[in-house]
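My entries follow in the order I made them.

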Amino acid sequence: MTSTHHTRVRRRRLGAVAAAAGLLATLLAAGTAAATPDPGDAQRSPAARLAAGETPGQDEIVHSANIKHLANIPSTNPDGIETDIAFQGKYAYAGSYDGFSIYDIGNPKAPKTVTQVLCPGGQNDISVSGDLLFLSTDSSRSDDSCSSVSQPATEKSSWEGIKIFDISDKKNPKYIKSVETACGSHTHTLVPGGRDIYVYVSSYSPNDAFPDCKPPHDGISVIKVPKKAPTQAAVVGFPVLFPDGGNPGAPTNPGVSRTTGCHDITVLPSKNLAAGACMGDGILFDISKPEQPRVIDRVQDNVNFAFWHSATFNERANKVVFTDELGGGVGATCNEATGPNRGADGIYDITGRGDARKLAFRSYFKIPRHQANTENCVAHNGSLIPVGGGRDIMVQAWYQGGLSVWDFTDSAKPKEIAFFERGPVDPNALALGGSWSAYYYNGHIYSNDIVKGLDVLRIDDWRTESAKWVWMDRLNVQTQPDYRW
(Lines give C-alpha, C1' and ligand atoms only; values in the text may rest on other atoms or scores of the structure.)
Protein backbone atom coordinates (compact mmCIF):
# COMPACT_ATOMS: atom_id res chain seq x y z
CA MET A 1 0.00 0.00 0.00
CA THR A 2 2.75 2.43 0.92
CA SER A 3 5.38 3.69 -1.48
CA THR A 4 8.82 2.31 -0.66
CA HIS A 5 10.96 5.01 -2.22
CA HIS A 6 12.48 7.89 -0.30
CA THR A 7 11.68 11.53 -0.94
CA ARG A 8 12.87 12.51 -4.38
CA VAL A 9 14.32 15.94 -4.99
CA ARG A 10 15.50 16.70 -8.48
CA ARG A 11 16.36 19.59 -10.72
CA ARG A 12 13.41 20.75 -12.72
CA ARG A 13 13.93 20.86 -16.46
CA LEU A 14 11.21 22.11 -18.76
CA GLY A 15 8.05 20.93 -17.15
CA ALA A 16 7.45 19.14 -13.93
CA VAL A 17 5.67 16.04 -12.95
CA ALA A 18 3.86 15.68 -9.72
CA ALA A 19 2.99 12.38 -8.21
CA ALA A 20 0.10 11.97 -5.88
CA ALA A 21 -0.76 10.59 -2.55
CA GLY A 22 -3.28 11.44 -0.11
CA LEU A 23 -5.43 11.29 2.81
CA LEU A 24 -8.91 11.69 4.15
CA ALA A 25 -11.26 9.76 6.26
CA THR A 26 -14.63 8.64 7.13
CA LEU A 27 -17.29 11.21 6.92
CA LEU A 28 -17.83 13.90 4.38
CA ALA A 29 -16.65 14.56 0.85
CA ALA A 30 -17.17 18.18 -0.01
CA GLY A 31 -17.39 19.76 -3.42
CA THR A 32 -14.76 21.94 -5.03
CA ALA A 33 -14.27 25.37 -3.50
CA ALA A 34 -13.41 28.13 -5.92
CA ALA A 35 -10.20 30.02 -5.35
CA THR A 36 -10.87 33.66 -4.57
CA PRO A 37 -8.71 36.58 -5.67
CA ASP A 38 -6.66 38.62 -3.23
CA PRO A 39 -8.92 41.59 -2.38
CA GLY A 40 -6.05 43.93 -1.57
CA ASP A 41 -3.40 42.78 -4.01
CA ALA A 42 -1.57 45.45 -6.00
CA GLN A 43 -3.79 48.18 -4.55
CA ARG A 44 -1.61 49.22 -1.63
CA SER A 45 1.94 50.31 -1.16
CA PRO A 46 3.31 48.28 1.76
CA ALA A 47 5.89 50.97 2.39
CA ALA A 48 3.12 53.54 2.69
CA ARG A 49 0.88 51.39 4.86
CA LEU A 50 3.61 50.39 7.27
CA ALA A 51 5.40 53.73 7.39
CA ALA A 52 6.04 54.94 10.92
CA GLY A 53 4.69 51.71 12.35
CA GLU A 54 1.22 52.08 10.89
CA THR A 55 -0.92 48.96 11.26
CA PRO A 56 -2.87 47.77 8.19
CA GLY A 57 -6.64 47.97 8.39
CA GLN A 58 -8.79 45.03 9.44
CA ASP A 59 -8.03 42.09 7.08
CA GLU A 60 -6.19 44.46 4.74
CA ILE A 61 -3.42 42.72 2.78
CA VAL A 62 0.03 44.25 2.51
CA HIS A 63 3.17 42.63 1.15
CA SER A 64 6.62 43.33 -0.19
CA ALA A 65 6.96 44.01 -3.91
CA ASN A 66 8.59 40.62 -4.53
CA ILE A 67 5.60 38.62 -3.20
CA LYS A 68 2.48 37.96 -5.29
CA HIS A 69 -0.72 36.57 -3.75
CA LEU A 70 -2.18 34.17 -6.30
CA ALA A 71 -5.21 32.58 -4.66
CA ASN A 72 -7.11 31.79 -1.50
CA ILE A 73 -9.47 28.92 -0.68
CA PRO A 74 -11.54 30.18 2.27
CA SER A 75 -11.94 28.07 5.38
CA THR A 76 -15.30 26.34 5.44
CA ASN A 77 -15.51 26.88 9.19
CA PRO A 78 -14.68 30.46 10.20
CA ASP A 79 -14.95 29.42 13.85
CA GLY A 80 -12.48 26.56 13.37
CA ILE A 81 -8.66 26.48 13.42
CA GLU A 82 -6.65 25.58 10.31
CA THR A 83 -3.26 24.03 11.13
CA ASP A 84 -0.41 22.23 9.37
CA ILE A 85 0.20 21.25 5.71
CA ALA A 86 1.84 18.29 3.93
CA PHE A 87 2.40 17.79 0.20
CA GLN A 88 2.55 14.95 -2.27
CA GLY A 89 2.58 15.31 -6.04
CA LYS A 90 -0.05 17.83 -7.05
CA TYR A 91 -1.89 17.65 -3.74
CA ALA A 92 -1.71 19.63 -0.53
CA TYR A 93 -3.11 18.12 2.67
CA ALA A 94 -4.17 20.63 5.28
CA GLY A 95 -5.08 19.80 8.84
CA SER A 96 -7.59 21.59 11.04
CA TYR A 97 -9.12 21.03 14.44
CA ASP A 98 -12.15 19.68 12.53
CA GLY A 99 -10.23 17.12 10.45
CA PHE A 100 -8.38 17.68 7.20
CA SER A 101 -8.77 18.79 3.58
CA ILE A 102 -7.17 17.65 0.34
CA TYR A 103 -6.46 20.31 -2.27
CA ASP A 104 -5.47 19.92 -5.90
CA ILE A 105 -2.65 22.43 -6.42
CA GLY A 106 -1.70 21.29 -9.92
CA ASN A 107 -2.53 24.83 -11.03
CA PRO A 108 -1.34 27.02 -8.13
CA LYS A 109 -3.28 29.99 -9.47
CA ALA A 110 -6.53 28.05 -9.23
CA PRO A 111 -6.32 25.43 -6.44
CA LYS A 112 -9.37 23.23 -5.92
CA THR A 113 -10.80 21.39 -2.96
CA VAL A 114 -10.84 17.65 -3.65
CA THR A 115 -12.45 16.55 -0.40
CA GLN A 116 -12.81 17.39 3.25
CA VAL A 117 -12.90 14.93 6.12
CA LEU A 118 -14.60 15.65 9.41
CA CYS A 119 -12.56 14.03 12.19
CA PRO A 120 -12.33 16.38 15.18
CA GLY A 121 -9.32 16.26 17.47
CA GLY A 122 -6.87 19.07 18.08
CA GLN A 123 -4.61 19.80 16.51
CA ASN A 124 -4.59 17.29 13.68
CA ASP A 125 -0.94 17.74 12.80
CA ILE A 126 -0.58 16.00 9.44
CA SER A 127 1.90 13.94 7.38
CA VAL A 128 1.65 11.73 4.29
CA SER A 129 3.65 8.80 2.99
CA GLY A 130 2.59 6.85 -0.09
CA ASP A 131 -1.05 5.96 0.37
CA LEU A 132 -1.02 6.71 4.09
CA LEU A 133 -1.98 9.86 5.94
CA PHE A 134 -1.19 10.40 9.62
CA LEU A 135 -3.09 12.70 12.01
CA SER A 136 -2.15 13.71 15.55
CA THR A 137 -4.84 13.91 18.22
CA ASP A 138 -3.85 15.86 21.31
CA SER A 139 -7.27 16.46 22.81
CA SER A 140 -8.91 13.94 25.09
CA ARG A 141 -11.70 12.15 23.18
CA SER A 142 -14.43 9.71 24.10
CA ASP A 143 -12.96 7.12 21.69
CA ASP A 144 -10.70 6.85 18.63
CA SER A 145 -13.45 7.35 16.04
CA CYS A 146 -14.10 10.40 13.87
CA SER A 147 -17.42 10.87 15.63
CA SER A 148 -15.88 11.11 19.10
CA VAL A 149 -16.61 13.94 21.50
CA SER A 150 -14.49 15.66 24.10
CA GLN A 151 -14.01 13.73 27.33
CA PRO A 152 -11.87 14.52 30.40
CA ALA A 153 -8.35 13.09 30.41
CA THR A 154 -9.02 11.98 33.97
CA GLU A 155 -11.20 9.17 32.58
CA LYS A 156 -9.29 6.00 31.73
CA SER A 157 -11.44 5.31 28.66
CA SER A 158 -10.41 8.59 27.01
CA TRP A 159 -8.30 8.35 23.86
CA GLU A 160 -5.49 10.40 22.29
CA GLY A 161 -2.83 9.43 19.78
CA ILE A 162 -2.25 8.84 16.05
CA LYS A 163 -4.89 8.12 13.40
CA ILE A 164 -3.93 6.53 10.08
CA PHE A 165 -5.89 6.87 6.83
CA ASP A 166 -5.65 5.17 3.44
CA ILE A 167 -5.68 7.99 0.88
CA SER A 168 -5.28 5.95 -2.29
CA ASP A 169 -8.68 7.34 -3.31
CA LYS A 170 -8.32 11.08 -2.80
CA LYS A 171 -12.06 11.63 -2.90
CA ASN A 172 -12.81 8.91 -0.40
CA PRO A 173 -10.10 8.44 2.24
CA LYS A 174 -10.56 5.52 4.62
CA TYR A 175 -9.71 5.50 8.31
CA ILE A 176 -7.81 2.25 8.87
CA LYS A 177 -5.94 2.34 12.19
CA SER A 178 -5.44 4.20 15.47
CA VAL A 179 -2.52 4.00 17.88
CA GLU A 180 -2.92 5.40 21.39
CA THR A 181 0.16 7.14 22.79
CA ALA A 182 1.07 8.44 26.23
CA CYS A 183 -0.16 12.02 26.65
CA GLY A 184 -1.59 11.96 23.13
CA SER A 185 0.14 13.35 20.05
CA HIS A 186 0.59 17.09 19.80
CA THR A 187 2.80 16.70 16.73
CA HIS A 188 4.51 13.81 15.00
CA THR A 189 7.41 13.22 12.62
CA LEU A 190 7.84 10.48 10.02
CA VAL A 191 11.19 8.69 9.88
CA PRO A 192 11.41 6.68 6.64
CA GLY A 193 12.88 3.20 6.76
CA GLY A 194 13.20 0.17 4.51
CA ARG A 195 10.19 -2.01 5.28
CA ASP A 196 8.79 0.28 7.94
CA ILE A 197 7.91 3.87 8.65
CA TYR A 198 8.71 5.13 12.12
CA VAL A 199 6.62 7.86 13.71
CA TYR A 200 8.13 10.00 16.46
CA VAL A 201 5.26 11.27 18.60
CA SER A 202 5.77 14.49 20.55
CA SER A 203 3.55 15.17 23.56
CA TYR A 204 3.89 16.82 26.93
CA SER A 205 2.27 18.10 30.15
CA PRO A 206 1.68 14.93 32.20
CA ASN A 207 -0.50 14.99 35.29
CA ASP A 208 -0.90 12.56 38.17
CA ALA A 209 -4.65 12.73 37.63
CA PHE A 210 -4.40 11.47 34.02
CA PRO A 211 -4.37 7.64 33.86
CA ASP A 212 -2.66 7.62 30.44
CA CYS A 213 -0.36 10.59 30.95
CA LYS A 214 1.40 10.37 34.28
CA PRO A 215 4.78 11.94 35.10
CA PRO A 216 7.58 11.56 34.44
CA HIS A 217 7.17 12.05 30.71
CA ASP A 218 10.74 12.67 29.60
CA GLY A 219 10.76 11.18 26.12
CA ILE A 220 8.82 10.43 22.95
CA SER A 221 6.67 7.56 21.76
CA VAL A 222 7.99 5.64 18.75
CA ILE A 223 5.45 3.94 16.48
CA LYS A 224 6.50 1.34 13.91
CA VAL A 225 4.30 1.13 10.81
CA PRO A 226 4.93 -1.85 8.48
CA LYS A 227 4.54 -0.50 4.95
CA LYS A 228 2.86 -3.66 3.68
CA ALA A 229 0.65 -4.01 6.75
CA PRO A 230 -0.06 -0.55 8.18
CA THR A 231 -2.93 -1.84 10.31
CA GLN A 232 -0.27 -3.56 12.42
CA ALA A 233 1.17 -0.20 13.49
CA ALA A 234 2.08 -0.16 17.17
CA VAL A 235 4.18 1.65 19.76
CA VAL A 236 7.60 -0.05 19.96
CA GLY A 237 9.32 2.15 22.50
CA PHE A 238 9.47 5.26 24.63
CA PRO A 239 13.10 6.46 24.55
CA VAL A 240 13.95 8.81 27.41
CA LEU A 241 15.65 11.95 26.10
CA PHE A 242 15.94 13.74 29.43
CA PRO A 243 17.15 11.31 32.10
CA ASP A 244 17.79 14.28 34.41
CA GLY A 245 14.27 15.60 33.87
CA GLY A 246 15.23 18.45 31.55
CA ASN A 247 14.77 22.15 32.21
CA PRO A 248 13.08 22.60 35.61
CA GLY A 249 11.36 25.82 34.49
CA ALA A 250 10.02 28.22 37.11
CA PRO A 251 10.87 29.15 39.80
CA THR A 252 14.45 28.10 38.97
CA ASN A 253 14.13 29.65 35.51
CA PRO A 254 11.29 32.20 35.63
CA GLY A 255 9.24 32.53 32.47
CA VAL A 256 10.60 29.28 31.02
CA SER A 257 8.53 26.15 30.41
CA ARG A 258 9.44 23.07 32.39
CA THR A 259 10.50 20.23 30.07
CA THR A 260 7.99 17.37 30.27
CA GLY A 261 8.38 16.02 26.73
CA CYS A 262 8.89 17.49 23.26
CA HIS A 263 6.72 19.81 21.20
CA ASP A 264 8.16 19.10 17.76
CA ILE A 265 10.98 17.17 16.13
CA THR A 266 12.55 17.64 12.69
CA VAL A 267 14.54 14.75 11.25
CA LEU A 268 17.16 14.87 8.50
CA PRO A 269 17.28 11.22 7.43
CA SER A 270 20.12 11.69 4.93
CA LYS A 271 22.39 12.68 7.85
CA ASN A 272 20.80 10.46 10.53
CA LEU A 273 20.17 13.64 12.52
CA ALA A 274 17.23 15.13 14.35
CA ALA A 275 16.62 18.39 16.14
CA GLY A 276 14.08 18.48 18.94
CA ALA A 277 12.25 21.50 20.32
CA CYS A 278 11.32 20.30 23.76
CA MET A 279 9.64 22.99 25.85
CA GLY A 280 12.59 24.19 27.93
CA ASP A 281 15.33 22.50 25.91
CA GLY A 282 16.69 22.27 22.38
CA ILE A 283 18.38 19.00 21.46
CA LEU A 284 20.43 17.51 18.65
CA PHE A 285 20.27 13.74 18.37
CA ASP A 286 21.38 10.76 16.32
CA ILE A 287 18.64 8.64 14.68
CA SER A 288 20.82 6.04 12.95
CA LYS A 289 18.87 3.53 15.03
CA PRO A 290 15.31 4.90 14.65
CA GLU A 291 13.93 2.99 17.64
CA GLN A 292 16.77 4.22 19.84
CA PRO A 293 17.43 7.94 19.18
CA ARG A 294 20.49 9.18 21.04
CA VAL A 295 21.04 12.74 22.28
CA ILE A 296 24.28 14.35 21.09
CA ASP A 297 23.90 17.83 22.54
CA ARG A 298 21.37 19.86 24.49
CA VAL A 299 21.00 23.61 24.98
CA GLN A 300 18.84 26.00 26.97
CA ASP A 301 18.12 29.72 26.73
CA ASN A 302 16.75 30.82 30.07
CA VAL A 303 16.89 34.51 29.19
CA ASN A 304 14.85 34.86 25.99
CA PHE A 305 13.23 31.50 25.16
CA ALA A 306 9.97 30.61 26.91
CA PHE A 307 8.90 27.52 24.94
CA TRP A 308 11.09 25.68 22.43
CA HIS A 309 8.55 25.02 19.66
CA SER A 310 10.08 23.73 16.39
CA ALA A 311 13.34 23.25 14.49
CA THR A 312 14.71 23.56 10.94
CA PHE A 313 18.10 22.45 9.60
CA ASN A 314 19.81 24.40 6.85
CA GLU A 315 20.75 22.55 3.64
CA ARG A 316 24.32 21.74 4.70
CA ALA A 317 23.17 20.56 8.15
CA ASN A 318 25.57 22.88 9.95
CA LYS A 319 22.86 25.13 11.42
CA VAL A 320 19.56 24.72 13.21
CA VAL A 321 16.85 27.36 13.55
CA PHE A 322 14.77 26.87 16.71
CA THR A 323 11.55 28.80 17.30
CA ASP A 324 10.27 30.17 20.58
CA GLU A 325 6.47 30.16 20.91
CA LEU A 326 6.24 32.80 23.61
CA GLY A 327 2.64 33.12 24.75
CA GLY A 328 1.62 29.77 23.29
CA GLY A 329 0.59 31.28 19.95
CA VAL A 330 -2.31 33.26 21.40
CA GLY A 331 -0.41 36.30 22.70
CA ALA A 332 0.45 39.62 21.06
CA THR A 333 4.24 39.25 21.31
CA CYS A 334 5.39 41.02 18.12
CA ASN A 335 4.84 44.43 19.69
CA GLU A 336 7.41 46.98 20.79
CA ALA A 337 6.99 46.08 24.45
CA THR A 338 8.08 42.46 23.90
CA GLY A 339 11.22 43.44 22.01
CA PRO A 340 13.27 41.73 19.26
CA ASN A 341 14.67 38.71 21.11
CA ARG A 342 11.65 37.12 22.76
CA GLY A 343 9.14 35.13 20.70
CA ALA A 344 11.81 34.94 18.02
CA ASP A 345 13.94 32.40 16.18
CA GLY A 346 17.23 31.31 17.66
CA ILE A 347 19.95 30.47 15.13
CA TYR A 348 22.50 27.86 16.19
CA ASP A 349 25.59 26.67 14.34
CA ILE A 350 26.45 22.98 14.59
CA THR A 351 30.14 22.75 15.40
CA GLY A 352 32.44 19.73 15.65
CA ARG A 353 31.92 16.23 14.31
CA GLY A 354 30.26 13.00 15.34
CA ASP A 355 29.42 12.74 19.01
CA ALA A 356 31.47 15.89 19.65
CA ARG A 357 28.97 18.07 17.74
CA LYS A 358 27.65 21.06 19.65
CA LEU A 359 24.90 23.63 19.18
CA ALA A 360 26.45 27.10 19.33
CA PHE A 361 24.10 30.10 19.59
CA ARG A 362 24.68 32.87 17.03
CA SER A 363 21.70 35.26 16.94
CA TYR A 364 17.95 35.88 17.07
CA PHE A 365 15.61 36.74 14.22
CA LYS A 366 12.21 38.36 14.55
CA ILE A 367 10.04 40.07 11.96
CA PRO A 368 10.95 43.78 11.83
CA ARG A 369 7.36 45.08 11.76
CA HIS A 370 5.55 45.68 15.04
CA GLN A 371 2.09 44.15 15.14
CA ALA A 372 -0.98 45.50 16.90
CA ASN A 373 -1.72 44.55 20.49
CA THR A 374 -4.83 42.74 19.20
CA GLU A 375 -2.81 40.41 16.93
CA ASN A 376 -1.51 37.06 18.14
CA CYS A 377 2.00 36.87 16.73
CA VAL A 378 5.09 34.77 17.43
CA ALA A 379 7.58 32.59 15.54
CA HIS A 380 5.83 29.54 14.10
CA ASN A 381 6.04 26.87 11.36
CA GLY A 382 8.26 27.38 8.32
CA SER A 383 10.49 25.59 5.83
CA LEU A 384 13.64 26.08 3.84
CA ILE A 385 13.51 27.56 0.37
CA PRO A 386 16.05 25.33 -1.45
CA VAL A 387 18.18 28.03 -3.06
CA GLY A 388 21.49 26.13 -2.84
CA GLY A 389 24.85 27.75 -3.44
CA GLY A 390 25.69 27.78 0.25
CA ARG A 391 22.90 30.24 1.03
CA ASP A 392 20.27 29.72 3.72
CA ILE A 393 16.79 31.16 3.19
CA MET A 394 13.50 30.09 4.73
CA VAL A 395 9.86 31.12 4.75
CA GLN A 396 8.06 31.16 8.06
CA ALA A 397 4.60 31.75 9.52
CA TRP A 398 4.10 34.33 12.26
CA TYR A 399 0.36 33.96 12.89
CA GLN A 400 -1.12 37.47 12.45
CA GLY A 401 2.38 38.72 11.69
CA GLY A 402 1.81 36.96 8.35
CA LEU A 403 4.70 35.18 6.69
CA SER A 404 8.31 36.24 6.38
CA VAL A 405 11.04 35.15 3.96
CA TRP A 406 14.41 35.65 5.58
CA ASP A 407 18.09 34.96 4.94
CA PHE A 408 20.32 33.43 7.63
CA THR A 409 23.36 32.67 5.46
CA ASP A 410 25.30 34.78 7.95
CA SER A 411 23.94 33.18 11.09
CA ALA A 412 25.01 36.20 13.13
CA LYS A 413 23.19 38.69 10.88
CA PRO A 414 19.84 37.32 9.64
CA LYS A 415 17.64 39.63 7.56
CA GLU A 416 14.15 39.62 6.09
CA ILE A 417 13.88 39.78 2.29
CA ALA A 418 10.11 39.49 1.73
CA PHE A 419 6.81 39.44 3.64
CA PHE A 420 3.04 39.06 3.36
CA GLU A 421 0.47 39.85 6.01
CA ARG A 422 -3.11 40.81 6.71
CA GLY A 423 -4.28 43.45 9.13
CA PRO A 424 -5.87 42.46 12.44
CA VAL A 425 -8.74 39.99 12.46
CA ASP A 426 -10.24 42.28 15.11
CA PRO A 427 -8.70 45.73 15.64
CA ASN A 428 -10.49 46.14 18.98
CA ALA A 429 -9.80 42.88 20.84
CA LEU A 430 -7.16 40.16 20.84
CA ALA A 431 -8.38 37.41 18.50
CA LEU A 432 -6.81 34.23 17.14
CA GLY A 433 -5.83 34.23 13.47
CA GLY A 434 -3.04 34.42 10.91
CA SER A 435 -0.69 31.99 9.23
CA TRP A 436 -0.17 28.74 11.15
CA SER A 437 2.16 27.15 8.58
CA ALA A 438 4.00 28.69 5.63
CA TYR A 439 5.96 26.29 3.42
CA TYR A 440 7.76 26.40 0.07
CA TYR A 441 6.86 23.63 -2.35
CA ASN A 442 7.68 23.39 -6.06
CA GLY A 443 7.99 27.07 -6.85
CA HIS A 444 5.25 28.45 -4.59
CA ILE A 445 4.56 29.32 -0.97
CA TYR A 446 1.52 27.73 0.67
CA SER A 447 0.17 29.22 3.88
CA ASN A 448 -2.63 27.79 6.01
CA ASP A 449 -4.30 30.74 7.70
CA ILE A 450 -6.15 29.83 10.89
CA VAL A 451 -9.35 31.63 9.86
CA LYS A 452 -8.85 32.63 6.21
CA GLY A 453 -7.93 29.23 4.78
CA LEU A 454 -5.30 28.22 2.23
CA ASP A 455 -3.25 30.99 0.59
CA VAL A 456 -1.01 30.45 -2.44
CA LEU A 457 1.79 32.92 -3.08
CA ARG A 458 4.76 33.31 -5.40
CA ILE A 459 8.06 34.99 -4.60
CA ASP A 460 10.01 36.58 -7.45
CA ASP A 461 13.43 37.53 -6.16
CA TRP A 462 16.91 36.89 -7.51
CA ARG A 463 17.91 35.41 -4.17
CA THR A 464 15.27 32.67 -4.37
CA GLU A 465 15.04 32.14 -8.12
CA SER A 466 17.26 29.03 -8.10
CA ALA A 467 14.74 27.21 -5.89
CA LYS A 468 12.27 27.15 -8.78
CA TRP A 469 14.48 24.51 -10.43
CA VAL A 470 14.14 22.13 -7.48
CA TRP A 471 11.18 19.81 -7.98
CA MET A 472 9.90 17.46 -5.30
CA ASP A 473 7.39 14.61 -5.33
CA ARG A 474 6.48 15.12 -1.64
CA LEU A 475 7.18 17.26 1.39
CA ASN A 476 6.54 16.61 5.06
CA VAL A 477 8.42 19.57 6.47
CA GLN A 478 9.37 17.81 9.71
CA THR A 479 10.95 15.05 7.60
CA GLN A 480 13.43 17.36 5.96
CA PRO A 481 14.70 16.30 2.52
CA ASP A 482 18.26 16.40 1.27
CA TYR A 483 18.16 18.88 -1.60
CA ARG A 484 21.56 17.66 -2.90
CA TRP A 485 22.86 20.93 -4.20
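**Salt bridges**

I began with Asp 349 and Arg 362, whose side chains meet in a salt bridge at 2.8 Å, N to O; the term takes a side-chain nitrogen of Lys or Arg within 4 Å of a carboxyl oxygen of Asp or Glu. The model is predicted, so local features need pLDDT of at least 70 and side-chain atom pairs count only at pLDDT 80 or more, while totals for chains, interfaces and linings use all residues. Residues are numbered from 1 along each chain as its sequence is written, and side-chain values use heavy atoms, with hydrogens and water left out.

I placed Asp 349 in strand 22 and Arg 362 in strand 23, 13 residues apart. Strands are DSSP runs of E, at least two residues long, numbered from the N terminus. Asp 349 counts as buried at 15% relative accessibility, and Arg 362 as partly exposed at 37%. Buried means under 20% relative accessible area, exposed over 50%, and partly exposed in between, with a 1.4 Å probe and protein chains only.

I then looked up Lys 358 and Asp 297, which form a salt bridge with their closest N and O atoms 3.8 Å apart. Lys 358 lies in strand 23 (residues 358–365) and Asp 297 in strand 19 (residues 294–299), so this pair ties together parts 61 residues apart in sequence. Lys 358 is partly exposed at 42%; Asp 297 is buried at 10%. I noted 21 salt bridges in the structure.

**Aromatic rings**

I found Phe 322 and Tyr 348 as an edge-to-face aromatic pair, 5.7 Å centre to centre with 85° between the planes. Rings of Phe, Tyr and Trp (its six-membered ring) pair if their centres lie within 6.5 Å; planes under 30 degrees apart are stacked, over 60 edge-to-face, and the rest tilted. Phe 322 sits in strand 21 (residues 319–324) and Tyr 348 in strand 22 (residues 345–351). Both residues are buried. I also found them in one aromatic cluster with Phe 305, Trp 308, Phe 361 and Tyr 364.

I traced four strands in an open, antiparallel sheet, in the order 3-30-29-28. Two strands pair if DSSP finds at least two bridges between them. Strand 3 (67–73) and strand 28 (435–441) are the edges, each pairing on one side only. Six bridges join strand 28 to strand 29 (residues 444–449). Tyr 441 stands opposite His 444 in strand 29.
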